Amino acid sequence: MLEKKYIEKTFTLEILYHIGALEDSIHFIFDHDSKTCAIVDPAWDAPLFIQRIHDKGYTLTDIWLTHWHFDHTNAVDEIVEKTGAKITVGVHEVPYLQIDSLPETVENNDTIFIGKTPAKIINTPGHSAGGICYLLDGHLIAGDTLFVYGAGHCSLPGGNIAELFNSMQTLKHIDNEVMLHCGHDYGCKIETTMGEQKQGNAYLLIDNEADFVRFVEGMSVGQYPYPTEALTKTEVQTML
């Protein structure tokens, strides 16, 4: 099992990669002061996650969801049943949720906390109707909105290509040094910064909505190959 750890002032971010049938990336935010933990998009293996957190001497108190899709939520109910953890999700995602547990909702620019560690909510619809990203100190947990040199599809209920375009414009404002953490390891490497993605991610390089829609629609029918490595703006325009 591949994993990464980032130790910051108030928290440690740990990530497990390639979990479950769709090889999800599972994110754990351990707040040093309170010894509490938030898990982002738990799926496939609730006992593993609960045991891992317990073994580190932390208490799992929060489940933070980026979006409703099954491969990011299928362990939620089991975790809630075993730990009583509180669920947080974007307000516009609620109609699509396929879980039994009741969530608390957040909106754009809200700040939530795990212990003393803050996370800013950034609305990033498109892959889903109410998808959100969590911006911590130096780290962006983006779910499936943005991948390393790629982005999530818009083919499931609530998906919208024009909204995804607008979300990409929002993400361009994230500081270059912030590290990007994705819901899946689909790119050519795991570790990347927003600066690298702004320079080489086709979804961030396309600044015209019509071109963006054509690009995403073309990819969905195999007209363009899904990008896993950096592209230049010229290369993207040549494809279009």
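**Cysteines and loops**

Modeller: There are zero disulfides in the structure. This is a predicted model, where local features need pLDDT of at least 70 and side-chain atom pairs count only at pLDDT 80 or more, while totals for chains, interfaces and linings use all residues. Residues are numbered from 1 along each chain as its sequence is written, and side-chain values use heavy atoms, with hydrogens and water left out.

Biologist: What makes Cys133 buried or exposed?

Modeller: Buried means under 20% relative accessible area, exposed over 50%, and partly exposed in between, using a 1.4 Å probe and protein chains only. Cys133 has 0%, so Cys133 is buried. Cys188, at 44%, is therefore partly exposed.

Biologist: What is noted about the phi of Lys35?

Modeller: Lys35 is not a glycine, yet its phi is positive, at about 60°. Most residues other than glycine have a negative phi. Lys35 sits in the loop between β3 (24–31) and β4 (36–40); such strands are DSSP runs of E, at least two residues, numbered from the N terminus.

Biologist: Why is Lys35 called partly exposed?

Modeller: Because its relative accessibility is 39%, Lys35 counts as partly exposed.

Biologist: Where is Asn109?

Modeller: Asn109 is in the loop between β7 (104–106) and β8 (111–114). Asn109 also has a positive phi, about 75°, although it is not a glycine.

Terms used. A disulfide is a pair of cysteine sulfur atoms within 2.5 Å. Helices (H or I, at least four residues) and strands (E, at least two) are DSSP runs, numbered from the N terminus.
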